[in-house]
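Me: I'm new to this one and would like to learn how to read it. Could you walk me through it?

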Amino acid sequence: MKIAVSACLLGENCKYNGGNNFSAALAERLRGYEVIPVCPEKSVFPTPRPRVERRGDKVFNEFGEDVTALCSQGVAQCLDSLRTQAVDLVILQSRSPTCGVGTVYDGTFSGTLTAGNGLLAEALIRAGYAVLDVADFLAK
Ligand code: SF4
């Protein structure tokens, strides 16, 4: 079974602040599976970088700049790289404007959550992939 996973969950320092979201519980659960790291932001933004949040169909950074086109470019690159790999499942980091599944920050940079998907999650679901938020995967 092949599983694509948000790279920050695997310990890659690709988060906006240069850190990661490593999950030992996830690493344990992924043992024995072929794992493919994905990060739609690291190829189009520097790390560290300003925070970004989704607001409707657009993505803005914390300085109010519209970075939707760059995010979409990163998402397209991820989709291209996964297309040839027969991925069975995608597990994504919670609440991110690109990776979030079901819940994302609301674009006000106030820590407020709202219903919705990140751009990558949305594109993967639309393309027919099985996509899970990491918390939902670990709760199974
Ligand atoms: S874009 Fe996704 S994989 Fe990359 S740092 Fe953000 S949550 Fe992690």
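Predicted model: local features only at pLDDT ≥ 70, side-chain atom pairs only at ≥ 80, totals over all residues.

Me: Which residues of α2 meet α3?

Reply: On the α2 side you'll find C71, S72, V75, C78 and L79, and they meet L119, L120 and A123 of α3. Sorted by class, that contact has 7 nonpolar residues, 1 polar and no charged ones.

Me: How do I describe the way two helices pack?

Reply: In general, you give the angle between the two axes and the distance between those axes. Here, α2 covers residues 68–83 and α3 covers residues 119–126, and they pack at an angle of about 45° with their axes 9 Å apart. An angle between 35 and 65 degrees is neither roughly parallel nor roughly perpendicular, so α2 and α3 are oblique to each other. Their crossing is right-handed.

Me: Let's zoom in on C78. Is C78 buried or exposed?

Reply: The idea is to count neighbours: a residue is buried if 20 or more other C-beta atoms lie within 10 Å of its own. C78, which is found in helix α2, has 23 C-beta neighbours inside 10 Å, so C78 counts as buried.

Me: What does C78 touch, leaving out residues up to four places away in sequence?

Reply: C78 touches V38, P40 and L120.

Me: And which residues come nearest to the ligand?

Reply: There are 13 residues around the ligand, and S6, C8, C39, Q93 and C99 come nearest. The shell divides into 6 nonpolar, 4 polar and 3 charged residues.

Methods:
Residues numbered from 1 in each chain as written. Axes fitted to C-alpha atoms, helices over the stretch in contact; angles between N-to-C directions. Helix = DSSP H or I, 4+ residues; strand = E, 2+ residues; numbered from the N terminus. Parallel < 35°, antiparallel > 145°, perpendicular 65-115°, else oblique. Left-handed = near helix turned anticlockwise from the far one by under 90°. Contact = placed C-beta atoms within 7 Å. Nonpolar A, V, L, I, M, F, W, Y, C, P; charged D, E, K, R; others polar. Buried ≥ 20, exposed ≤ 12 C-beta atoms within 10 Å, placed from the backbone. Near = placed C-beta within 6 Å.
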